[in-house]
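Here's a quick briefing to read alongside the model. Have the sequence and the 3D view open, and pick out the residues as you go.

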Amino acid sequence: MSNVALHMRKLVGTKHPLLKTARGMVFDGNHNLQMKGLFVMLISKAAGPSPQDDFAHEEMVSGVYPNQRSLAEIMEIIHTSYLIHKGVVNLDSVLPEDGPISDMEFGNKMAVLSGDYLLASACRGLAKLGNPKVVEEVASCIADMMTAEFTNFTDPDGKDTISQTCQGFSDWLTQTYFSFGSLLAKSCQSAMRLAGHSDQFKNMAFTFGENVSYAEQLAKDIKSFTNYDESSGLSLTSAPVLLYRERVPAQEYENLEKLWQQGPANYQKIVSLISKSGAISQCKELLAQYRDKAISSLECYSDSEAKSALVNMVTAVSYVR
């Protein structure tokens, strides 16, 4: 990875998305992106020791089994490789101001090879866990993330778009689940499986991961409309826009799309239109529902510092003004 960082200096001065991804891996402005693995570690600790005698010989470190810790690390590696792979750009769409075409092509090679290296490392780590069911579950997460790149929410250049066949907020839920929710939900579930916990613990862990993902993404979408500093993150496929699309006549939505196509100069008009429609208020209500579902799914676990930390983290990632 130090080799990758050394070569990445060649991209400085260009607009290759791999640079933004690299910066975001350290800090994204609000929360450290290496937080998803912490969810897996904490829910493993909250669940406690295995009820099965087969695990009596295994030593827990800080309340977590070694294979659960390994799973959390593998999950982070998979998520990081996914973000890096998303940094590949369509060279046919590169503009002169984006940087020299040779540098952009080099950035694509780095994104592909770096992402592949991390994914291969994750697969090797999965094999070492020695649990075929966990391997199957995590492999399905990778498949889900790839599916998210071939939906009605992206165009051939990988940019956000909404097709005429889009079903609105239900499609947003599907896209969010495929992109992030599946990995967190199934990783939490697999952590319970690795410790031999009951089906109830597995199901509640899955529910927790899924609803945290929805709440976190909703909070991120809302902030791009309510925080001026984050307005550059406005997306046509965000939850407020899709809910606005469901609430207004087709002509009004078409007018919004025209404003969008005219560029960032109209972003404040777009924010105003969506705010007045009540779509953002509806998003906040949905966020509260998913946050509460995530917290209530922890009721099956005994009270502990790990459980309290999970509740605090869910509250933090879903906080909006």
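Let's start with the rings: the count of aromatic pairs comes to 8. Keep in mind that this is a predicted model, with a chain average pLDDT of 84. The salt bridges also number 8, while the disulfide count is 0.

**Aromatic pairs**
- Take Phe201 and Tyr301: their ring centres sit 4.8 Å apart and the planes are at 70 degrees, so this pair is edge-to-face, the cut-off for that being over 60.
- Phe201 belongs to helix H8 (residues 199-226) and Tyr301 to the loop between H12 and helix H13 (305-317), so the pair ties together parts that lie 100 residues apart in sequence.
- Both partners are tucked away from solvent: Phe201 is buried, and Tyr301 is buried too.
- Elsewhere, ring pairs join Tyr177, Phe178 and Phe206 into a cluster.

**Salt bridges**
- One of the 8 salt bridges brings together the side chains of Glu149 and Lys86, at 3.2 Å from N to O.
- That pair links distant parts of the chain, 63 residues apart: Glu149 is in the loop between helix H6 (132-147) and helix H7 (169-194), and Lys86 is in the loop between H4 and H5.
- Another bridge joins the side chains of Asp144 and Lys186, at 3.3 Å from N to O.
- Here the partners come from two helices, Asp144 from H6 and Lys186 from H7, so the bridge ties together parts that are 42 residues apart in sequence.
- Asp144 has a relative accessibility of 12%, so it counts as buried, the limit being under 20%.
- Lys186 counts as buried too, because its relative accessibility is 14%.
- Arg291 and Asp292 also meet through their side chains in a salt bridge, at 3.5 Å from N to O.
- Arg291 is partly exposed at a relative accessible area of 25%, and Asp292 is partly exposed at 42%.

**Cysteines**
- How many disulfides does the count come to? It comes to 0.
- Cys123 is partly exposed, with a relative accessibility of 42%.
- Cys300 has a relative accessible area of 22%, which makes it partly exposed.

**A nonpolar surface patch**
- Val88, Val112 and Leu113 make up a nonpolar patch on the surface, and together they have about 240 Å² of accessible area.
- Val88 sits in the loop between helix H4 (66-85) and helix H5 (101-129), and that loop also holds Lys86 of the bridge to Glu149.
- With a relative accessible area of 35%, Val88 is partly exposed.

Note on methods: Residues numbered from 1 in each chain as written. Predicted model: local features only at pLDDT ≥ 70, side-chain atom pairs only at ≥ 80, totals over all residues. Heavy atoms only, no water. Disulfide = S-S within 2.5 Å. Buried < 20%, exposed > 50% of the residue type's maximum accessible area, 1.4 Å probe, protein only. Patch = residues over 30% accessible without salt bridge, like charges linked within 9 Å, V, L, I, M, F, W, Y side chains within 5 Å. Areas by Shrake-Rupley, 256 points an atom, 1.4 Å probe, with all protein chains shown as cover. Salt bridge = Lys/Arg side-chain N within 4 Å of Asp/Glu carboxyl O. Helix = DSSP H or I, 4+ residues; strand = E, 2+ residues; numbered from the N terminus. pLDDT = per-residue confidence, 0-100. Phe/Tyr/Trp six-rings, centres within 6.5 Å; stacked < 30°, edge-to-face > 60°.
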